[in-house]
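Please look first at the sequence and the structure shown below. The paragraphs that follow begin with the surface, continue with the chain as a whole, and end with two individual residues.

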Amino acid sequence: MDASDQWYLGHEFEDIYLVNLITLKSIELGSMYGDPTCGIIDKNDQWCIAGGEYIVIWYNQKISFITDEILKDTHAIRQIGSLKVEILTDPWSENCAVWELDIKSDTIRKLKDFNYYNDKECTENVIW
């Protein structure tokens, strides 16, 4: 899903792991139904987030989960600030939207509906 000089964020089937590439120690972040679809590591290696059936966050050495239905079927995640990300839910669902998530407070805010792909074929390259 993502890697930096210090961390590797990946999964083996439904199990999500964060591996410290220096110590080779692994942190199990959780397991979700179906493989996770996306994940990123903070540009400063302070946190990571993975998405799919739900959202899992590793921040301040703690793991938290966001299981809110509005973020179910996360398709993509991108960092927009030191502690903020944008989340795109399934672009082919009728309720697709772009959401802002504050990593520190777990605050979710809807930025906009995203209906561009509703009547289009599935593609790997979603422009959002």
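The protein chain has an accessible surface of about 7500 Å², and 46% of that surface belongs to carbon and sulfur atoms. Such areas are computed by the Shrake-Rupley method with a 1.4 Å probe, and for residues only the protein chains shown count as cover. The model is predicted: local features need pLDDT of at least 70 and side-chain atom pairs count only at pLDDT 80 or more, while totals for chains, interfaces and linings use all residues. Residues are numbered from 1 along each chain as its sequence is written, and side-chain values use heavy atoms, with hydrogens and water left out.

The secondary structure of the protein chain consists of twelve strands and zero helices. Both kinds of element are DSSP runs numbered from the N terminus, helices being H or I with at least four residues and strands being E with at least two.

As for overall dimensions, the C-alpha atoms fill a box of roughly 45 × 30 × 25 Å along the principal axes. The radius of gyration of the protein chain is 14 Å, which agrees with the value near 14 Å for a compact globule of 128 residues. This radius is taken over C-alpha atoms, and the globule rule is 2.2 Å times the number of residues to the power 0.38. Of the 128 residues, 41% count as buried; buried means under 20% relative accessible area, exposed over 50%, and partly exposed in between, with a 1.4 Å probe and protein chains only.

Contacts, defined as heavy atoms within 4.5 Å, also link separate parts of the sequence. Among contacts between residues at least 6 apart in sequence, 35% join residues at least 24 apart.

Consider now Thr 74, which lies in strand E9 (residues 74–81). Thr 74 counts as buried because its relative accessibility is 2%. Its side chain reaches the backbone oxygen of Leu 71 at 2.8 Å. Beyond its neighbours within four places in sequence, Thr 74 is in contact with several residues, including Thr 37, Cys 38, Ile 87 and Thr 89.

Trp 99 belongs to strand E11 (residues 97–102). Is Trp 99 buried or exposed? Its relative accessibility is 10%, so Trp 99 counts as buried. Trp 99 and Thr 89 are ten residues apart in sequence, and their C-alpha atoms are 8.2 Å apart in space.

Methods:
A polar contact is a pair of N or O atoms within 3.5 Å; within protein, one must be able to donate a hydrogen and the other to accept it, and residues adjacent in sequence count only if both atoms are side-chain atoms.
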